[in-house]
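Please keep the sequence and the model in view while reading.

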Amino acid sequence: MTVRSRRPGMPWRWGLLALCCSLLAEGPATGSEAPRDGAVPPIQVITLERDCSTCANSSRLSLHRNGTALLTHTGKARLGGVDRHSRAALARADFDALAALLEQQGFFALAESYDDPETRDGAWVNWQVERGAEVRQVFCRSGREPAALLRLEAAVQALQARLNFNPEP
């Protein structure tokens, strides 16, 4: 009988080598590109969260420049909603077009909130856009949003309808 001896610790070294190679291939962990000549860094993530007090589910759509779209529906048990997670591939051209529209509509110059302080129910939308180290959020309650946000939301809804989301376990 032949006994093959293994050198302890060798399998993890191959795993470490594979991890390092994949990190080098992907580039920086942030996934952002360095701005050139004082230019504004590109938008990396666009997130749109929607909810209302009488909805069975809230939704969170997160679009990533790296080509990933994540959609989460969070159920409200009292209204019979269930949690669902799904993922889709996002074309870079679609992301870039939406990012350009955000810039054109002056997203980064909008107020942080469009809300009536006396209203605490009804539908609302929260935008979050990540650009370099900057994270900009804009909250708005239905009926209070400026025209720029309505145009942006329509563009996101049209893009979302074209994406082929696959449920995750």
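## Overall make-up

Of the 169 residues in the chain, 33% count as buried, where buried means under 20% relative accessible area, exposed means over 50% and partly exposed lies in between, with a 1.4 Å probe and protein chains only. The model is a predicted one, in which local features need pLDDT of at least 70 and side-chain atom pairs count only at pLDDT 80 or more, while totals for chains, interfaces and linings use all residues. Residues are numbered from 1 along each chain as its sequence is written, and side-chain values use heavy atoms, with hydrogens and water left out.

The secondary structure comprises three helices and eight strands, taken as DSSP runs numbered from the N terminus (helices are H or I with at least four residues, strands are E with at least two). Along the sequence these elements follow the pattern α-β-β-β-β-α-β-β-β-α-β. Among contacts between residues at least 6 apart in sequence, 57% join residues at least 24 apart, a contact being heavy atoms within 4.5 Å.

## The pair of helices H2 and H3

The axes of helix H2 (residues 92-104) and helix H3 (residues 147-162) come within 10 Å and cross at roughly 170°; axes are lines fitted to C-alpha atoms, for helices over the stretch in contact, and angles run from 0 to 180 degrees between N-to-C directions. H2 and H3 are therefore roughly antiparallel to each other, a term for angles over 145 degrees, whereas those under 35 count as roughly parallel, 65 to 115 as roughly perpendicular and the rest as oblique. On the H2 side the contact is made by Asp94, Leu98, Leu101 and Leu102, and on the H3 side by Arg151, Leu152, Ala155, Val156, Leu159 and Arg162.

The residues of this contact divide into seven nonpolar, no polar and three charged. Here Ala, Val, Leu, Ile, Met, Phe, Trp, Tyr, Cys and Pro count as nonpolar, Asp, Glu, Lys and Arg as charged, and the others, Gly among them, as polar.

## The nonpolar core

The largest nonpolar core has 28 residues, and those with the most contacts inside it are Ile46, Leu63, Phe107, Trp127 and Leu149; such a core is a set of buried Ala, Val, Leu, Ile, Met, Phe, Trp, Tyr and Cys residues joined through side-chain atoms within 4.5 Å. At least two residues of this core come from each of strands S1 (43-51), S2 (57-64), S3 (68-75), S6 (124-131) and S7 (134-141), and likewise from H2 and H3.

Phe107, in the loop between H2 and strand S5 (113-114), is buried, with a relative accessible area of 0%. Not counting residues up to four places away in sequence, Phe107 touches Leu102, Trp127, Val129, Arg136, Val138, Leu149 and Leu152.

## Two strand residues

Ser62 is found in strand S2 and counts as buried at 10% relative accessibility. Its side chain makes polar contacts with the side chains of Thr47 (3.3 Å) and His64 (2.9 Å), a polar contact being a pair of N or O atoms within 3.5 Å; within protein, one must be able to donate a hydrogen and the other to accept it, and residues adjacent in sequence count only if both atoms are side-chain atoms.

Glu130 lies in strand S6 and is partly exposed, with a relative accessible area of 26%. The side chain of Glu130 makes a polar contact of 3.4 Å with that of Gln128.
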